[in-house]
Amino acid sequence: MLTTDIIEDHNKTLATDHQFKLAYISELLDRKGIDVQSIIDKIKAFQVAIPSWALGTGGTRFGRFPNGGEPRNLEEKIEDVGLIHQLNGSSNSISLHIPWDIPSDASAVKQLLKANQLTIDSVNSNTFQDQKDQSFSYKFGSLCHTKDESRNLAIEHNIACVEYGKQLDSKVLTVWLADGSNFPGQQHFRKAYQRTADSLATIYEAMPSDWTMLIEYKPYEPFFYSMVIPDWGTSYSLCQQIGKNAQVLVDLGHHLPNTNIEQIVGRLMHFGRLGGFHFNGSMYGDDDLTTGSIKPYQFFLIFNELVDGMQDPNVKNPPLAWMIDASHNTKDPIEDLLQSVNAILATYAKALLVDRIALADAQENNDVLKAEELLRDIFFTDVRALVAEASRQVGGALDPVATFRHAKVRENLIGQRGKFSVATGL
Ligand code: AOS
Ligand code: ZN
Ligand code: ZN
């Protein structure tokens, strides 16, 4: 944990610059008749979960270049998220991956969470790799497997994840399946889908009634001819069959290039079936880059759709689960996560500023240019001072990455955990 002095003292060195930028955006919003503090309050309330597997260097299948000081167990992962939350005030939960993050002592973990002002977000199952001495393999699929033995093992694993989640007060099971085929003819599409639907229904039945199941889709990888849940339509159909607490999870990187993700978001909210988000940046596919790093305008258009849906009383969509799902080889993982959360908050803030009455009017009257300009005007507005101010007001850093570097956090973690400590997980 950082001392509050370190954060406050560093904020002081940035204060003059910050006040100048904040005064400018405040005046601008004032002229538009927008109450600045109400926007700042909404930013403060927006929390993004950090996945336990993003705290170590991700790497690729060609290699991994760790920075050192990586968290070696669940407790150290919780401490890292605690640091992130201290710095930005916007990351108050951690998502777990089972079996990587099985708690050895649930009550001690709960105490540690409390000390770091954190909760557990979702519990993620792992049927994409065989564990040591596993009795039946997932090589040819898990919940879709042709053989009862492998399928049942995957079902039991998901139910065990719910049990671990219950111990730590989670209420969300996220299912991402690496099930699919590599060659034409390998898998019977309809049968594989039905086996998956039946398996998911069995898991759903075992979940407490106040839990949510998030079903993630992905068009390719690890399989390259077909995936059993390749697209939002498949996720949606599964949710429709399984029950009202099953929801579609959109991972930004899980779309083919140029997919209109904002429209998918709009559709799912209209159906009341958008359950959550995995934020990341994508150039080609599931690149898991820093959020907002590649296509910031599209990211803004997605948030515009989200905020439109969240503010519309006619939309009956449950509150969304927000999580980052990124990890790679070249940045310090904590710095990357701070950068991602910052981009998410700034983009959310922009979406809050869109004049929805004027936009609806332009749309109704088919004023194409006006509608587009209303969005572009906000997209080009620099709102970062609002995000910094939100962080400052809750005791966080004006510039979390700068404070992280100034306080030499990574150097200290390397000192405690070693130069070659390696995080469990991907
Ligand atoms: C995989 O591509 C998905 O994005 C998953 O959500 C997640 O990255 C995985 O479960 C982490 O191991
Ligand atoms: Zn994901
Ligand atoms: Zn992914």
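Strands β1 and β2 (residues 93-97) run parallel and are joined by 2 bridges; strands here are DSSP runs of E with at least two residues, helices are runs of H or I with at least four, and both are numbered from the N terminus. Two strands count as paired if DSSP finds at least two bridges between them. Within β2, Ser95 is the bridge partner of Pro51.

This is a predicted model, in which local features need pLDDT of at least 70 and side-chain atom pairs count only at pLDDT 80 or more, while totals for chains, interfaces and linings use all residues. Residues are numbered from 1 along each chain as its sequence is written, chains are lettered from A and ligands numbered from 1 in the order in which they are written, and side-chain values use heavy atoms, leaving out hydrogens and water.

## The sheet

The open sheet has 8 strands in the order β1-β2-β3-β4-β6-β8-β9-β10, with parallel pairing. Its edge strands, β1 (50-51) and β10 (321-324), each pair on one side only.

## Helix α1

Buried residues (under 20% relative accessible area, with a 1.4 Å probe and protein chains only) of α1 include His10, His18 and Leu22. Just after α1, Gly33 takes a positive phi of about 80°.

Conventions:
Buried < 20%, exposed > 50% of the residue type's maximum accessible area, 1.4 Å probe, protein only.
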